[in-house]
Amino acid sequence: MNKTIGFIGSGNMGGAIIGGVISSDLVAPANITAADISQTALEGLKEKFGINTTTDNHQVAANSDILFLSVKPNIYPIVIKEIRESVKADTIIVAIAAGQSIHTIETLFEKDIKLAKVMPNTPALVGEGMAAISPNKFLAKDELQDVLAIFNSIGKAQIVPEYLMDVVTGISGSSPAYVYMFIEAMADAAVAEGMPRAQAYEFSAQAVLGSAKMVLETKQHPGYLKDMVCSPGGTTIAAVCELENKGMRDAVISAVRTCTQKSREMGNK
């Protein structure tokens, strides 16, 4: 990819994306620049990846073919007002912020822009992220493919209509927290039964990792894979019955829908 890439904001997600595009040979470190108010954060990125760094947002905005806005949602109006005159007409803006609609971001720029709204998740930090991408009407197909390539370098990415972004937040953006709770609960039970804590976490986490991989690679329905484990009168079906009795499905469905609704409310403010 013969592009210059800039980042305004260099937190965990920005660092994950930088690492992904470099390790995938999509973009050379010399063609990547990150801007941040934290000199310490910038020094860490420069030492780790060998990229260019600056505290000048204008510099990054003016010299990037693809510009990532990876600052907190409440900072978007401030940053966009600062850089909107510096952004080139053909620059692709990649917005990573919950609660910021395509219309809102376009309005803040006060001009036509090429924009991709993206909802990634934190497993991107280990190369197993899931990202949803919604382009605006000014983003060409080949430009969208460049954005997809970047996020596929840190996991998987799919194009979704913007109206599904709140659902993506509920099922993907926030769901790692639900999974961590599940892993912790299983480990707590194992510890209660005498297993050392570190070992319990490894058994629990690997079971979740392997199970997820089974769903993705076999393409089988999760219910079918569950049934494969449940022998008649066995230990697994006894545990499944207890989970059903305690309302596990209802709790998960409620959590995802509550998260989705909260995301909608944030976007309407």
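Reply: The account below begins with the basis of the model, then turns to the sheet and to the helices.

This is a predicted model, in which local features need pLDDT of at least 70 and side-chain atom pairs count only at pLDDT 80 or more, while totals for chains, interfaces and linings use all residues. Residues are numbered from 1 along each chain as its sequence is written, and side-chain values use heavy atoms, with hydrogens and water left out.

Helices (H or I, at least four residues) and strands (E, at least two) are DSSP runs numbered from the N terminus. The sheet is open and has eight strands in the order E3-E2-E1-E4-E5-E6-E7-E8, with mixed pairing; two strands pair if DSSP finds at least two bridges between them. Strand E3 (52–54) and strand E8 (155–159) each have a single partner strand, so these two stand at the edges and one side of each has no neighbour in the sheet. From one strand to the next, the twist averages 20°. Axes here are lines fitted to C-alpha atoms, for helices over the stretch in contact, and angles run from 0 to 180 degrees between N-to-C directions.

Thr 33 has Asn 52 in E3 as its bridge partner. Helix H4 (residues 76–83) packs on the sheet, where H4 touches strand E1 (5–8), strand E4 (66–69) and strand E5 (92–95), and the direction of H4 makes about 150° with that of E4. Contact means heavy atoms within 4.5 Å. Helix H5 (residues 102–109) lies across E4, E5, strand E6 (114–119) and strand E7 (129–135), and runs at about 140° to E6.

These two helices also pack on each other. The angle between H4 and H5 is about 40°, and their axes are 9 Å apart. That angle makes H4 oblique to H5, since angles under 35 degrees count as roughly parallel, over 145 as roughly antiparallel, 65 to 115 as roughly perpendicular and the rest as oblique. In H4, Tyr 76, Pro 77, Ile 80 and Ile 83 meet Ile 105, Leu 108 and Phe 109 in H5. By class, this contact of H4 with H5 has seven nonpolar, no polar and no charged residues; Ala, Val, Leu, Ile, Met, Phe, Trp, Tyr, Cys and Pro count as nonpolar, Asp, Glu, Lys and Arg as charged, and the others, Gly among them, as polar.
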